[in-house]
Protein chains: 2
Amino acid sequence: MNRSELDAVLAALAEPTRRQLLDLLAERGEASASALAQAVPVTRQAVVKHLTVLDGAGLVAGRRAGREVLYRARPERLEEAARRMSALAAAWETRLAAIKRIAES
Amino acid sequence: MNRSELDAVLAALAEPTRRQLLDLLAERGEASASALAQAVPVTRQAVVKHLTVLDGAGLVAGRRAGREVLYRARPERLEEAARRMSALAAAWETRLAAIKRIAES
DNA sequence: TCCTTGTGCAACCCCAGGGTTGCACAATGT
DNA sequence: ACATTGTGCAACCCTGGGGTTGCACAAGGA
């Protein structure tokens, strides 16, 4: 996962509706856009757009099943993004600690 | 850190310019809005807005020093957000695993 | 005192993107 | 064959928010 992919993940997660969709998918395992639209206060088309964004970020994957497309959540990607953020935080911490040390000497 | 605070963190991090500002603060330890504006392709006012958002998310803190306001990054908050995301991913994983088990039986 | 420099505030521009409607097409049930 | 239901696509609306300019005020330095 490179920098621009992390960008995509963060941007995708910044939307409340999208996080709600992810929660729904985590609950149900799999669901179609139409099914999700019934559980969310927006139209199916809006849901499709969100799923497209989530797919672009790798947070969701879809597969055709007959005439419908079933989506599932991908926790691995979320976990990966979380690890990246944690690593970044750790890097900042050491850096800031070093700056503080120098300032005090 | 409650749900709406996590919302704020994610929304704040969704902006490339804001992440850049965080990186700069992590590098320098402390910096004023005007100083940051010289390292970034936007005006000081835009930087101030971003810093306000970051402050609202708890990712940054400012203190007055004479006539200028110095900001510093707060890695703890980032770390906290990362942990929350990781926990969420774990919850999804167990849930999806359970669904899969049921489906196969 | 005057000049410089950093803030704060307000009005404004502009567009990305979240949301909608409308319609055409595909797959399933009866 | 026909009605039903789920997708896909395109045009469109509209608000949020990133960015700007302009100006007034505060705090140091000469």
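**Where the chains meet**

A: Of the atoms of DNA strand C within 4 Å of the protein, 55% belong to sugar or phosphate, while the rest belong to bases. The model is a predicted one, in which local features need pLDDT of at least 70 and side-chain atom pairs count only at pLDDT 80 or more, whereas totals for chains, interfaces and linings use all residues. Residues are numbered from 1 along each chain as its sequence is written, chains are lettered from A and ligands numbered from 1 in the order in which they are written, and side-chain values use heavy atoms, with hydrogens and water left out.

There are 20 residues around DNA strand C, and those that come nearest are A:Thr43, A:Lys49, A:His50, B:Ser34 and B:Arg44. Here a residue is near a strand if one of its heavy atoms lies within 4 Å of it. In B:Arg44, a side-chain N or O atom is 2.7 Å from a base oxygen of DNA strand C.

The elements that give two or more residues to the surface near DNA strand C are helix 2 and helix 4 of chain A, along with helix 3 (33–37), helix 4 and strand 3 (68–73) of chain B. Helices (H or I, at least four residues) and strands (E, at least two) are DSSP runs, numbered from the N terminus. Helix 4 of chain A gives the most to this surface, with four residues. By class, the surface divides into four nonpolar, eight polar and eight charged residues. In this division Ala, Val, Leu, Ile, Met, Phe, Trp, Tyr, Cys and Pro count as nonpolar, Asp, Glu, Lys and Arg as charged, and the others, Gly among them, as polar.

DNA strand D also has 20 residues around it, of which A:Ser34, B:Thr43, B:Lys49, B:His50 and B:Arg67 come nearest. Sugar and phosphate make up 56% of the atoms of DNA strand D that come within 4 Å of the protein. A polar side-chain atom of A:Ser34 reaches to 2.4 Å from a phosphate oxygen of DNA strand D. Helix 4 of chain B provides the largest share of the surface near DNA strand D, four residues. That surface has four nonpolar, eight polar and eight charged residues.

The two protein chains also meet each other. In chain A, 30 residues are in contact (heavy atoms within 4.5 Å) with 30 residues of chain B. Between them the chains bury about 2900 Å², 69% of it on carbon and sulfur atoms. Buried area is the accessible area (1.4 Å probe) that two parts lose on being put together, summed over both. A:Leu78, A:Met85 and A:Trp92 supply 22% of the area that chain A buries against chain B, more than any other three residues.

Six residue pairs are in polar contact between chain A and chain B, both residues being at pLDDT 80 or more. On the side of chain A that touches chain B, helix 1 (3–13), helix 2 (16–28) and helix 5 (75–104) each supply at least two residues. Helix 5 gives the most, with 15 residues. This side of chain A has 18 nonpolar, two polar and ten charged residues.

Side chains of opposite charge can pair when their charged atoms come close. Four salt bridges (a side-chain nitrogen of Lys or Arg within 4 Å of a carboxyl oxygen of Asp or Glu) join chain A and chain B. One salt bridge links the side chains of A:Arg3 and B:Asp23, at 3.2 Å from N to O. The side chains of B:Arg19 and A:Asp7 likewise form a salt bridge, at 2.4 Å from N to O. This pair crosses from helix 2 of chain B to helix 1 of chain A. B:Arg19 is buried, with a relative accessible area of 12%, whereas A:Asp7 is partly exposed, at 26%. Buried means under 20% relative accessible area, exposed over 50%, and partly exposed in between (1.4 Å probe, protein chains only).

Methods: Polar contact = N/O pair within 3.5 Å; in protein donor to acceptor, adjacent residues only side chain to side chain.
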